[in-house]
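Student: Could we go through this structure together? I would like to start with the sheet.
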Amino acid sequence: MKVRLFEIFTSVEGEGILYGTKTLFVRLAGCPFTCFYCDTKESLPLDSGTEYTIEDANNLIDSNLRSNTYKVNFTGGDPLIQHKAVALLAKHIQDKKIPTYLESSCFDIDRFNHVLPFIDIVKIEFKTKDSDFVDSKHYDKLIGHTMKCLESSIKANKTTYIKIVVSSKTDLNEFKGLVKEIFKIVSGNDIDGFIIQPTHSISEPSLDLLLNLYDLVFPYYINVKVVPQLHKLIGAP
Ligand code: SF4
């Protein structure tokens, strides 16, 4: 089996509940989706990056792994595009007793479940309609898959948190409905965080909008946090 990697690098995690941790990022090539705020557009083509055998990719990961690395983050693109390869790479990391982290848009429950046994920490990202991830015709199906991924991660006792990227285009009513649907299937005790992440440099939401969005989650989950992409503040990748 082969895998296409776009890049591998160590940086400070700038997103989510584990911001600030020293992390090895393994960026998989390929994502067929179209979020308007995507900040990794170079890695979207399925033929971007470099192709490796799994053995060569594992060796590359090993040679990039620095001491005191808190976790290895499989990101993209969308790592579920190459789910079989990601499962093998993640198992290689788990065998070293280093936590593995999946950063995906959770668009396919079968691919997600294939990777899940080899992942310790899961970010479940819900896309809003205004993200342009998919067209409106396919949006409900996407959310159905993301909900199933959320349930599956919790059932497997993984460290699981929810992230939603919001922009000035985010509709309060739509967000409210999405949050209501999420907390129909999970309780606050089931999750390890709920992050509202404002877009950076493009259609940025106002503070008022962020506070309104926060207020919609708080009644369900008092530990909700608004966390921007902190790595961008220090010019880190
Ligand atoms: S899912 Fe992620 S990688 Fe794909 S277009 Fe959206 S932001 Fe970019």
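The conversation below turns to the sheet, a pair of helices and the ligand.

Tutor: This is a predicted model, in which local features need pLDDT of at least 70 and side-chain atom pairs count only at pLDDT 80 or more, while totals for chains, interfaces and linings use all residues. Residues are numbered from 1 along each chain as its sequence is written.

Student: What is the strand order in the open sheet?

Tutor: The order of the nine strands is 3-1-2-4-5-6-7-8-9, with mixed pairing. Strands are DSSP runs of E with at least two residues, and helices are runs of H or I with at least four, both numbered from the N terminus; two strands pair if DSSP finds at least two bridges between them.

Student: Which strands stand at the edges?

Tutor: Strand 3 (50–53) and strand 9 (225–226) do; each has a single partner strand, so one side of each is left without a neighbour in the sheet.

Student: And in which sense do strands 2 and 4 pair?

Tutor: Strand 2 (residues 22–28) and strand 4 (residues 71–75) are parallel, with five bridges. F25 has N73 of strand 4 as its bridge partner.

Student: Changing topic, how do the axes of helix 5 and helix 6 cross?

Tutor: The axes of helix 5 (residues 172–185) and helix 6 come within 9 Å and cross at roughly 25 degrees. Axes are lines fitted to C-alpha atoms, for helices over the stretch in contact, with angles from 0 to 180 degrees between N-to-C directions.

Student: Finally, which residues surround the ligand?

Tutor: Among them are C31, F33, D78 and F133, where near means a C-beta atom, placed from the backbone, within 6 Å.
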